[in-house]
Amino acid sequence: MQDHARWVSAARDQYIVEIGHYVAHHGGKPGRTASERSGPDSVRVPLAARSPSPVRDRDDVRRDLLHAIGHPDDSPHEFVLHGTAGSGKTALAQTMFDEAVATHGVVGLWVNAATEVAFRAGMLAVALDRGADPDQVEAARDGRRPAADLVWQHLGASPEPWLLVLDNADDPAVFSDGIWLRSARRGTVLVTTRHGGTSLWQDADRRRLDALGLDDAVRVLRDLNVTGYDQAALEKLAHGLGCHPLALTLAGKYLDRRLLDTVTVDEFLQRLREDPGGTLDEAADPDERDLRRLISSTWQISLTALADRGVPEATTLMWLLSCFAPDPLPLGLLHSRRLRLTGLAGAEPPFPAQKADTALRGLMSQSMVSVLDVPGDVGRPSVQSVQAHALLLDTVAARIPLDQRETILAAAAQLLDDLLQHGEGEGAYVDAQTLRLFTPHTLSLLHRTTAAHSAAVPQALGLVRYLRDQNRERGDYSTAHVLAEAAVRVSPSASTATGAELLTDQYELACSLADLGRFAESVALHRKILRDREGQLGPDHVQTLDSAHALGLALYGLGEWAEDELYLRRAVEGRSRVLGPADPNTIMSTACLAEAIGEQQRWEEAEALARTNLATSEAAHGPVSPYTLAARHTLAWALYQLGHLGEAEALAFATLTERENSLGSTHPRTLVVRDLLASILLGQERWAEAETAARTVLTTREEILGPEHPHTLAMRTELIRILTGAGDLAAARPLAVLNLEACIRILGDEHPDTRACRQAHQDAFGPNSEDDDAPGTGHDKDVQR
């Protein structure tokens, strides 16, 4: 309660700063307080500190406001600027005030609406400004005549047009159920508020202010004399600040004022991650008393206001939300059944499940969060979600009281775990859409728990591992890699993981490196893991054999086929012994071994092994299991290399159909079959069909894997061969030049795929181009677990 009292007191200090520096006493009855007898020295001057940077962006709001001021007969007379703290509402109102007075000849009137006392005093000062008799104003001040009627009577009779700004109207109660909110044809009312949802604004033109665009955010930093940095550094800084106007202002002042302790953008962002509020507030003037201009307190004002209005649980909900990322968070997380699983009802302030809706609406009323519908994937409904600004979340997370932190983090982990594992129904949260929605929140939760040395780290780490595996299985290799890196970074003491579990995290990271085409890094890490697993688990442990298999796959990516064969043969023999020849893992290793053999030009041996493996898988698992599809794909490839194109095409087409049905048309495992089909069509000189298949694969790989992933480069080489065979040299030659340069740079001059690309380049340009007698195959391995 001492904390709460301090914030209430601080908020009142802020109000006094805004209205108490400029007071003129008009007399009054004995017993009336100074603030009740006082009013602002002038309502013609904005009672707010000037922004050190011109207002950027907001062009549509400025245009519409100025039009309304200049054309009062055909435009709305009431505008409401609402948004989260620090979004620049007051700064924009000041700019509008100055432009209206300077260019439209209107009278500018400014009233602080932060408290009922300040607002009432300001409005009565407006009445005086517009010609009211001082005795009438005194009677209104004493309650002997209706004050609102007096003010609006004189505003309506004003001989000059006017703009009335009601600033910081965060508590709708100051307007006495709307009695003070009226309009007059002679003027325009502009309200700034954090409270954007009240019915008081229903007839006004409401405009939400949020973060700036990146270009405008960089301009703000340049306005603030942040020099010595290039455009990229300023963009990085602006992005790290979430393009939040107040944060940009404070960061700009911070960097501009450093004399003894100059910092780089990276150093500043690191300090910001460690202490977001304290770092930014260092830029404030030492005697700063306006808490709205301090990051560490500006949002606390809203939470205190909600507590004063009887919604203290909004604070606990905001603490909970701060455990997650600034991305849209599905509202299913806050389902009452799920909340009852946590200890939040025992938090301080308590957050019982039945108060969740009230707390959420309270945060929305203060523009601290917004609720939005995130479009669903094709055929899926939209997902109702809650979202808050990154800087707000970071600042709130840093201020969670130490005695409440473990309760909040444990609850966040429990809620996310239950939602991901169970959802609203069995299997509801394992599709691609859900993985995309929840991955950033899982990563944020792991960061928050590890930073706090929380007991919830193992649970958060378990969620990261779960999403890592799900993303990899669905072919989102980039996301899987990010999750794999996050898991490896957690210290063993925090994760409480066993040695075998730590090796599994490293193993998954090595696999993700191979998925991204970073084969040399993958090979180095897999070699280490294999040695460690041999030492800890033994040479025939299933995880040791997993490492042998994965190392072989990574070596294949480097074109080291003989060594690839060595490790895959070890995996096949070990898995056959330990698991049996029909085990899915044995079948997968056998398929990959056949490919390693084939790449060494032993095609008959490869075909025989692949055919036997396919029969084993069909007998054990059926014709459409993923293991059978992998075995069938390998046999089709071997047959293609042997020139049996008809049988190869039939097998490849059947495999492609099943993969599209089970994984979708853009999954990497589907694309690798279509890649083979393009090669088969090339061998049959069916140029148009081959080009269509190749371009389909190439376009999708460029989007999913990137334009310079080794598999993308190999597919581009195949397209060059197809275009050359079809006689379309105008298309083949520029593609050959660009792809050969990329292959040399990415893969090295002697990689088999580089040699294949060089041969395709030579074929496209004719016999006088650079010769190479080792064309390679350009085939991509069907990389599987």
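A pocket, as I use the word here, is an open set of grid points with protein on both sides within 12 Å along at least five of seven lines. The model I am looking at is predicted.

**Entry: second largest pocket**

I looked up the volume first. The second largest pocket holds about 960 Å³ of space. Its lining counts 32 residues. I then asked which of them sit closest to the centre: Arg273, Ala390, Asp394, His447 and Arg448.

Next I checked the helices. H9 (231-240), H11 (265-274), H17 (390-398), H18 (402-421) and H19 (432-451) each supply at least two lining residues. H17 gives the most, with six.

I also sorted the lining of this pocket by residue class. I found 18 nonpolar, seven polar and seven charged residues.

**Entry: helix H14**

Is H14 buried or exposed? I went through residues 313-321 and found the helix mostly covered, with nine of its nine residues buried. I noted the buried residues by name: Glu313, Ala314, Thr315, Thr316, Leu317, Met318, Trp319, Leu320 and Leu321.

**Entry: a surface patch**

I turned to the surface. Val542, Val578 and Leu579 form a nonpolar patch there. Together they have about 200 Å² of accessible area.

I placed Val578 in helix H26, which spans residues 561-578. Why does Val578 count as partly exposed? Its relative accessibility is 40%, and partly exposed lies between the cut-offs of under 20% for buried and over 50% for exposed.

Key
Residues are numbered from 1 along each chain as its sequence is written. This is a predicted model: local features need pLDDT of at least 70, side-chain atom pairs count only at pLDDT 80 or more; totals for chains, interfaces and linings use all residues. Side-chain values use heavy atoms; hydrogens and water are left out. On a 1 Å grid over the protein atoms alone, a cavity is a set of points where a 1.4 Å probe fits but cannot get out, and a pocket is an open set with protein on both sides within 12 Å along at least five of seven lines; lining residues have an atom within 4 Å of a point. Grid points are joined across faces, edges and corners, and a volume is the space filled by probe spheres set on the points. Helices (H or I, at least four residues) and strands (E, at least two) are DSSP runs, numbered from the N terminus. Ala, Val, Leu, Ile, Met, Phe, Trp, Tyr, Cys and Pro count as nonpolar, Asp, Glu, Lys and Arg as charged, and the others, Gly among them, as polar. Patches are made of residues with over 30% relative accessible area and no salt bridge: like charges are joined within 9 Å, nonpolar side chains (Val, Leu, Ile, Met, Phe, Trp, Tyr) within 5 Å. Accessible areas come from the Shrake-Rupley method with a 1.4 Å probe; for residues, only the protein chains shown count as cover. A salt bridge is a side-chain nitrogen of Lys or Arg within 4 Å of a carboxyl oxygen of Asp or Glu. Buried means under 20% relative accessible area, exposed over 50%, partly exposed in between (1.4 Å probe, protein chains only).
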